[in-house]
Structure formats: structure tokens, C-alpha cells
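This note sets out a few points on the structure shown below.

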Amino acid sequence: MQTMHSAASSDGLPKILFIEQLSALIGKTATTIRTCATNKKYAHLIPRPFKMPNSRRLCWYEHEVLAWIDSCKPTEPPPPRRPRGRPTKAEQLARQRWDNQAQQPRA
């Protein structure tokens, strides 16, 4: 398997990825990528492809794919999930103690 660390090949031309390499890079199946590329409803889920002259094959520039991956990274982790249902009595009492300490004026 080829390594995809550099965004340009040795002769200075941008590296072109085909659907198989893109699939391995972004973790989606080739069928999903084809669906997203051909259906405008799902076009936002993958980087924008292009086709080579006289070819039907979908292609992507590696530097554009890497930029797309960087732009899709979340800026901060999601907040922790709150468990379902009412808080336990211990959680309620701990919250009350914390609220009381926060409201007391400091000397």
C-alpha cells in the first residue's frame, strides 16, 4: 500500500486519489462515496470530486481531501452525556452543597 503523506508527487504535480484510496482515507465505502458524489442531497458529505478528460472515473486531489478532513474536525469535544432520569439523592445533595458554597460571600 502506498503512503499518502505528501500532498505532491516527486515531480511537483498534485497527487490524484481515486475512489479506492479516498475510501481508505475517510473510512467510507466506495458505494457510499459514489452515492454522495452523484446525488446533490449528499454532496456535502465528501470532498468535491472531478473527472479526468475522456474518463468516467471519480478523482480527488490529495491536498483538497486533506484540507477537507482538517475542516471537518470538531473544534472541541462534545459535552458529556447526562444520564437519563432523575438525579440520585446523592447527586441532588452534592449539587445543593455546591450551590450553597457558590452563593456564600467570601471573606
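**Notes on the predicted model**

1. *Salt bridge.* The model, which is predicted, holds 1 salt bridge. Glu20 and Arg57 form this salt bridge, with 2.7 Å between the closest N and O atoms. The pair joins distant parts of the chain, 37 residues apart: Glu20 belongs to helix 1 (residues 19-26), whereas Arg57 sits in the loop between strand 2 (50-51) and strand 3 (58-61).

2. *Overall arrangement.* The protein contains 4 helices and 3 strands. Read from the N terminus, the order of the elements is β-α-α-β-β-α-α. Of the 107 residues in the protein, 15% are buried. Among contacts with a separation of 6 or more, 42% are between residues 24 or more positions apart.

3. The axes of helix 1 and helix 3 (residues 62-72) come within 12 Å and cross at roughly 25 degrees. Because this angle is under 35 degrees, helix 1 is classed as roughly parallel to helix 3. The crossing of these two helices is right-handed. Helix 1 contributes Leu22, Leu25 and Ile26 to the contact, and helix 3 contributes Val65, Leu66, Trp68 and Ile69. By class, the contact of helix 1 with helix 3 comprises 7 nonpolar residues, with no polar and no charged residues.

4. *Helix 1 against helix 2.* At what angle do helix 1 and helix 2 pack? The angle between helix 1 and helix 2 (residues 30-38) is about 105 degrees, and their axes are 9 Å apart. The value lies in the range of 65 to 115 degrees, so helix 1 is roughly perpendicular to helix 2. On the helix 1 side, Ile19, Leu22, Ser23 and Ile26 take part; they meet Ala30, Ile33 and Arg34 in helix 2. By class, this contact has 5 nonpolar, 1 polar and 1 charged residues. Leu22 and Ile26 of helix 1 are listed in the contact with helix 3 and also in the contact with helix 2.

5. *Ser23.* This residue lies in helix 1. Is Ser23 buried or exposed? Its relative accessible area is 18%, which is under the limit of 20%, so Ser23 counts as buried. With neighbours within four places in sequence left aside, Ser23 is in contact with Lys28, Thr29, Ala30 and Ile33.

6. *Cys59.* Strand 3 includes Cys59. With a relative accessible area of 0%, Cys59 is buried. Which residues is Cys59 in contact with, leaving aside its neighbours within four places in sequence? They are Ile16, Leu17, Phe18, Pro49, Phe50 and Met52. For one of these, Pro49, the C-alpha atom is separated from that of Cys59 by 5.5 Å, although the two residues are 10 residues apart along the chain.

7. *Asn54.* The loop between strand 2 and strand 3 holds Asn54; Arg57 is found in the loop between these strands as well. Most residues other than glycine have a negative phi. Phi of Asn54, in contrast, is positive, near 60 degrees. The relative accessible area of Asn54 is 86%, which is over 50%, so this residue is exposed.

Notes: Residues are numbered from 1 along each chain as its sequence is written. This is a predicted model: local features need pLDDT of at least 70, side-chain atom pairs count only at pLDDT 80 or more; totals for chains, interfaces and linings use all residues. Side-chain values use heavy atoms; hydrogens and water are left out. A salt bridge is a side-chain nitrogen of Lys or Arg within 4 Å of a carboxyl oxygen of Asp or Glu. Axes are lines fitted to C-alpha atoms, for helices over the stretch in contact, and angles run from 0 to 180 degrees between N-to-C directions. Angles under 35 degrees count as roughly parallel, over 145 as roughly antiparallel, 65 to 115 as roughly perpendicular and the rest as oblique. A crossing is left-handed if the near helix is turned anticlockwise from the far one by less than a right angle, and right-handed if clockwise. Contact means heavy atoms within 4.5 Å. Ala, Val, Leu, Ile, Met, Phe, Trp, Tyr, Cys and Pro count as nonpolar, Asp, Glu, Lys and Arg as charged, and the others, Gly among them, as polar. Buried means under 20% relative accessible area, exposed over 50%, partly exposed in between (1.4 Å probe, protein chains only).
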